[in-house]
Amino acid sequence: MKRHICIVVGARPNFVKVAPLVQAIRRSDGADCLVVYAGRRGDPSLEPSLFSDLQMAPPDYCLGVESNSLNEITSRVMAEFDRFLDVYPADVVIVVDDLASTMAAAIVAKKRGLRLGHLVAGTRSFDITMPKEINRLVIDALSDYLFTAGVRSTGVATREQAETSQTYMVGNILMDTLRSNHNRWRRPEGLADLEEGRYLVFTLNRRALIGDPSRLLPMLQTIARAAGSLPVVAPLRGEARRVVEESGAGLRVVSALGYLEFGWLTAHALGIITDSGNVAEEATFNGVPCITLNSYTEHQETVAVGSNVLVGEDPVRLGEALSRMVRGEWKKSALPDRWDGRTAERILQILLQ
């Protein structure tokens with residue numbers, strides 16, 4: 001008898017992580033799956049090219065929840081996901097990362113007595129004032145399958161796991177997606193003038209930075225100054241794009257890119273400045289120097305053995321690190337353990353046991 005697996009996705013970056021797992025399940029004779037998106041169908045952040053780039057179908061079902069209130073998102077996703085499971089029963093629910101919608105789906109699954117898997121488990125900032133940290137603690141405490149990406153997160157998950165849960169170091173599933181698409185990267189049409197290895201990439205996602213120009217502007221000015229004659233390409237959307245354009249810092253702001261185009265851009269850059277853990281992971285995979293605008297990262301492997309350096313929100317430290325990057329004085333990096341592109345395969349075998 002096939003196992004019916006439901007994969008719940010809360011935001012655009014989650015699709016990049018679940019794509020290889022969805023593909024592995026749908027190739028399997030022992031399981032089938034439905035992909036549920038917490039947002040609405042037609043969400044502008046989910047451009048049609050995303051799914052063709054990832055070689056997966058759009059989500060099978062959308063809960064239609066939209067709100068800026070984390071508590072409202074939690075309550076509405078719980079109600080909508082509960083109704084979904086009335087119509088589409090599941091044996092196992094897989095939730096991704098650490099969003100309010102992820103936590104909401106996890107709570108509903110356990111209230112129904114379903115098996116729950118968390119991808120990616122064991123990530124911690126150890127800052128309880130962060131909403132995402134609370135989400136992580138709740139989800140990991142409820143999960144039966146704690147799927148971890150590295151040694152550090154495995155240690156955290158093992159220490160905190162409940163009696164009924166099990167921790168599995170399956171590796172970094174983002175690497176499955178990167179490896180399978182590495183030969184499919186596509187140079188962005190509007191950036192044909194870029195010289196490979198002679199430009200920088202800047203990305204911005206954190207609401208705390210986007211919403212506080214007084215903190216962001218000194219960093220943008222430092223980036224422009226330390227980059228010198230090198231172009232700094234910033235593929236941005238929405239409020240992040242508006243704030244950076246209005247800063248007058250001189251970065252080359254372009255529209256947000258599709259997955260394959262963004263993959264090409266970051267893989268061929270001299271270096272990357274970002275506030276995204278996923279982008280830092282991709283940089284380590286590509287061996288591209290990376291500066292993270294944060295004082296911590298849940299992806300410690302990118303710092304311990306990878307190309308990533310944390311500078312917090314300090315313009316001085318940022319300028320020093322960026323100057324070293326531009327001069328080519330960067331630390332050597334390696335691939336962390338189990339970044340081998342077989343994570344989805346390991347997860348599927350565990351689910352079928």
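Predicted model: local features only at pLDDT ≥ 70, side-chain atom pairs only at ≥ 80, totals over all residues.
**Notebook: cysteines, salt bridges, one patch**

I searched the whole structure for disulfides (cysteine sulfur pairs within 2.5 Å) and got 0. Cys6 is in no disulfide, and the nearest cysteine sulfur, that of Cys33, sits 8.8 Å away. Looked at from the other end, Cys33 is in no disulfide either, with the sulfur of Cys6 as its nearest at 8.8 Å. I then checked burial, where buried means under 20% relative accessible area, exposed over 50%, and partly exposed in between (1.4 Å probe, protein chains only). Cys6 comes out buried at 2%, and Cys33 is buried at 9%.

Residues are numbered from 1 along each chain as its sequence is written, and side-chain values use heavy atoms, with hydrogens and water left out.

Next I went for salt bridges, meaning a side-chain nitrogen of Lys or Arg within 4 Å of a carboxyl oxygen of Asp or Glu. The whole structure has 27 of them.

I looked up Arg186 first: its side chain meets that of Asp53 in a salt bridge, 3.5 Å from N to O. Arg186 is in the loop between helix 7 (173-181) and strand 8 (200-202) and Asp53 is in helix 2 (residues 48-54), so the pair ties together parts 133 residues apart in sequence. Helices (H or I, at least four residues) and strands (E, at least two) are DSSP runs, numbered from the N terminus. Arg186 is partly exposed at 37%, whereas Asp53 is buried at 3%.

Then I took Asp86 and Arg112, whose closest N and O atoms are 2.4 Å apart in their salt bridge. Asp86 is in helix 3 and Arg112 in the loop between helix 4 (100-111) and strand 5 (115-119), 26 residues apart. Asp86 is exposed at 53%; Arg112 is partly exposed at 32%.

I also noted a network of salt bridges linking Asp98, Glu133, Arg136 and Glu298.

Last, I checked the surface and found a nonpolar patch of about 340 Å², made by Leu34, Tyr61, Val87 and Tyr88. Patch residues have over 30% relative accessible area and no salt bridge; like charges are joined within 9 Å, nonpolar side chains (Val, Leu, Ile, Met, Phe, Trp, Tyr) within 5 Å. Accessible areas come from the Shrake-Rupley method with a 1.4 Å probe, and for residues only the protein chains shown count as cover. Val87 belongs to helix 3 (residues 70-87) and is exposed at 56%.
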